[in-house]
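Here is a brief report on one model. Please read it with the sequence and the 3D view open.

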Amino acid sequence: MDYKNTLTTCVYCGAGCQIYVETIDGQITGVWPAKTHIISEGKLCIKGWNVTEFVNSPDRLKTPLIRKEGQFVEASWDEALELIASKLGAIKNESGPDSIGWLASAKCTNEENYLMNKLARAVIGTNNIDHCARL
Amino acid sequence: MSITLTIDGQSVQAEEGQTVLEVAKRAGVTIPTLCYHPALEPLGACRLCVVEVIQRGRSQIVTSCTMPAEPGMEVRTSTPAVMESRRTVLELLLSRCPNVPVIQQLAAQYGVTEPPFEADDPNEKCILCGLCVRACNDLVGAHVLNFSDRGISRVIGPAFMEKTRDCIGCGACTIVCPTGAIEIVLEKEALYAAKPLGPASAIYVPFLQAVPRVPVIDTDACIRFRQQARTNGELADACGVCQLLCEARAIDYTQQDEELDIEVGAVVVATGFADFDPYLAPQYSFGKSPNIITGIEFERLSNSGGPTEGEILTAEGVPPKSVAILHCVGSRDKHTNKYCSRVCCMYALKQAHLVRDKTGADVFEFYMDIRAPGKSYEEFYERVQEEGVHFIRGKGAEVTVQPDGKLLVKGEDADLSRVVAVSVDMVILGTGMTAQPDAAEVSHLFGIGCGNEGFFTEAHPKLRPVETNTDGVYLAGTCQGPRDVPDTVAHANAAAAEVLALLTKGEVVISPATAEVNRDKCVGCGDCIPVCPYTAIARVDGKAQVNAALCKGCGTCVATCPSGAIEALHFTDEQIVAQIEGVLKWV
Amino acid sequence: MGVEFEPRIIAFMCNWCTYAAADTAGVSRMQQSLNVLPIRVMCSGRVSPEMVLRAFRAGADGVLVMGCHIGDCHYSNGNHRTIKRMPLLRNLLGYTGINPERLELQWVSGAEAPRFVEVTEAFIAKIRQLGPLSQEVME
Amino acid sequence: MSGNASEGTLEEIRKLVAERLALPVQAGMGVDGVVALRALNGNVAPHVFQKGDDLSELVIEPKYPLMTLVSKLHKRFPQIRLGVVARGCDERAYIEMAKRNQIDPARLTIIGFACTAEEAQACHCLEPYPKQLLVGAPPAPGQVNPLVAEYDAMTLVERRAFWRKQFEKCIKCYGCRNICPECFCEACAMEDKAWVEPGLLAPPFPMFHLIRAMHMASRCVACRECEAACPAHIPLTVLYDLLRRDMESLLGYLPGADMDAKPPLSVTLEETPLRTEAGH
């Protein structure tokens, strides 16, 4: 039996509540609030308590899906990225960078969100970016 | 090993270890005895059983009760020498005890009519045979009786001839004594405890009509079981007479009650009733005089197999001149039981009839009203009236024991509007029927209802009188409520018919409104299990499971489950909430 | 002075005793107010605290839980749980400010149609006096 | 960290844990692991100490409902034998959980220690030590929360105003339920839309909080975890203490006190009588 509690930060909002993600034999089995943390003091909201729910959710997407003839079809990352790059490029050329909006996700890491911000502002050239945790 | 010997010229077989007396008895040869008892070691004390034994050419006179049988032995039981010996013995015995009938008869048989010597005490009965001593020490183990002194002052009695608490009053000495020299005198206190109308011996056939008609041992009264209980099972060798004497070897003291698991599809509960405890109605002074008896005790008294062989006698042993019968003892009384026990009026009338018939005594019936519905019952009531029984309409108020032992019964005669008092020799309390004291336990065991009085509840008082609310459990007889013999027989037959109907059908139809567990929601806490009145819920593989065949759909488990893991089919939470919201929406 | 307050009372009735009594009361043409809204359950033991609270939540001004007398339960002892649950729930209502008198447990046997009317009418009168629950919950 | 526990207490506990871990598991006293708290980099979380682990990391505060973890491990590993470093409230939680089939008593060794008098006071704990007390001496018990008497003395109108204000703060995080050692149900009535309408915040009175209070009546062992976990600072345990008091006076049942006492709301009046007709 390998029992572990990994201290981490709840990704759902900017409050920065600390949580322990509990794993048994490598499988996520729950969340403990971190009582010793100076911000959250062992208290969590419903999102923090359920922050790991999506990990093992049967509805979770594990490969990209591309709509072909009205149906979502599993695709490879290369195919998906190719399609997105070409479409975004075409839209930017046709209607300008501000015709594109960006929504980042709380379920990504801070670093991933930073990269998305970089992509939106530096590569595409728009400030139309927001984050679902900025509630 | 079998051996062969001759008795009075006749060749007989014997087992090794048997005495000559035992072999002779078995062969049908009569040898007189006084100090012999098959349950006790022989002592050869009375010398009456002497015989002549010829062995290896030599003849001698010996006591047959102590002489072991040997191969080739020749026994003669009535030679002149033997007869002369016995005659001498009887002369001496008759001289000691001239007024004991057994000795008088034996002496006469042997031609002894007058005792050769004058008796010291013409009332002496004890022949010092020591049977009682052996019984008390070897069988009962009480060690109370023994010989003391010697020669002509030899006597039998307790130590220092003083009253002793070691005597357990078992009476074994009186039974074995051949001359009737010992009498048990019950002290006043003991008399009340002695249950004069109870079983006479520790082993007895419950009643003559018992089925199966075999004796039972009352372990509370049996010397051996009492010894066992007293010594916490260390000793169990006292008495044993019944085992010793039982030729069929049917008595085994080590037998224990056994629990058997039997799987059945239906159960008929026929646990019967308990007689009302007359001590709960102290105004009738039950227990204060042996002549105040309950109806059931009267039944035993008037039974031909009872202690008086059916003669109706008071505790003083004489027929009563007057008897009072009190109705409604423990029935129709807010202090005891409110209900009518249904059978007492009729049995009281019957008992009045029996008393009149057998003794001609004056009978006074104290009654509120006579309940005699049913075929021939009212006619019987009329007949008893014609027999001259005095009916006093009014409940018996109290019974007091007079200084002379007579019983004073007071009551109100409602017809005359005045208080009456009669002095009688015997009072019969018409005790009613009550539920068995363990009815609540039994009701819990079978998941059946039990009313306030303790009688089991039928599924419907009119339409389903033998069914219960637990499928497959049926009621028969007085466990459901007071009823008389024909009604009990009918009720029991009905219960049997219900069971037969199940057997014939082979399958059971149940109501669809049962509880059902959603295993995904159940966490197996088991809070619901003790809730079920029908023990329909069990934990299977760590989770609750409802046996739909047992479930009656009350839904109490559903309300208990904190997880909402049990649904009451047709009464689901969703349906009830919809009803609540529905009715509130439109008013 | 507006329209007089008409209490709305949810009455949980067990199938075997109280529901039968209510039925008899109706068949016997006994005079009754219209404020009692019956919800039939098989046993008063089926009435969970959630159900009582839900009735209040849905707008009932009072809740009556009625069943067989102790000892007469059709299911032998289903009502033993009811008689334990309801005092706790009443106290809890009181602790959080709902007048506990708005919840009442009453035993009415199948033979007690007059008692059914008596009990319900008395409860209606009591709730009428207490006023609407919304005063307590929504204020 | 407050450091209320003396170093001596901690050392004794570590020694007992080491002993238990050193024993062969088959011998009955031996264990596969000991559930306790571990301090790592200044933060504390529940942990399962196993043979070879650094026991200097074992600490006893801040307290967590460790029996929840014991139950989880017992269910996941049907053979596992565990020890647990337990306070009085942990042991009470264990009693109610074992009674309800959530912990296997045959596979659990309790290494009990006494709380400090300060902790007892902070928790308003009347029995701040386990019955299986191995380390420390029973401290002076805490006082009943003075708020219990204060709220009890309020008029209906005052109580209503008070609790309405409290319940309005509720953000329906379910933290009170999630942290509770006695809330081990697979499905929760507070998530059942028949009882609690989804999409309303704060949850509409009286459903959410009163359902939980009723469910706690025969289970609450007064560990105070719910109140500590509540981001809205609702004084939940005052309500539960009032019901615990009723439970004891009406039905003679104190959750956590007796392994053999059956939950009184599940049994008949013959088995657990109602002591008064209180409230009627």
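D:Lys172 has 16 other C-beta atoms within 10 Å, so D:Lys172 is partly exposed. The burial classes count other C-beta atoms within 10 Å, placed from the backbone: 20 or more is buried, 12 or fewer is exposed, and in between is partly exposed. The model is predicted: local features need pLDDT of at least 70, side-chain atom pairs count only at pLDDT 80 or more, and totals for chains, interfaces and linings use all residues. Residues are numbered from 1 along each chain as its sequence is written, while chains are lettered from A and ligands numbered from 1 in the order in which they are written.

Phi of D:Lys172 is positive, near 55°. The residue sits in the loop between helix H6 (156-168) and H7 of chain D. Helices (H or I, at least four residues) and strands (E, at least two) are DSSP runs, numbered from the N terminus. B:Arg47 is not a glycine either, and its phi is about 65°. B:Arg47 lies in the loop between helix H1 (20-26) and strand S3 (50-55) of chain B. With 19 C-beta neighbours inside 10 Å, B:Arg47 is partly exposed. Most residues other than glycine have a negative phi, and most peptide bonds are trans.

| Cis bond | Omega | Loop holding the proline |
|---|---|---|
| D:Glu61 to D:Pro62 | about 0° | between strand S3 (58-59) and helix H2 (66-76) of chain D |
| D:Phe205 to D:Pro206 | about 0° | between helix H7 (175-179) and helix H8 (207-216) of chain D |

Chain C has five helices and four strands. Their order along the sequence is β-α-β-α-β-α-β-α-α. Of its 139 residues, 63% are buried.

Contact means C-beta atoms, placed from the backbone, within 7 Å. Chain C puts 29 residues in contact with 29 residues of chain D. Helix H2 (49-57), helix H3 (78-95) and helix H5 (133-137) of chain C each supply at least two residues of that side. H3(C) gives the largest share, 13 residues.

## A sheet in chain B

Three strands of chain B form an open antiparallel sheet in the order S16-S17-S18. Strands pair if DSSP finds at least two bridges between them. Strand S16 (396-401) and strand S18 (418-424) of chain B are the edges. Strand S17 (residues 407-413) of chain B pairs with S18(B) over seven bridges. There, B:Glu412 stands opposite B:Val419.

Definitions and conventions:
Contact = placed C-beta atoms within 7 Å.
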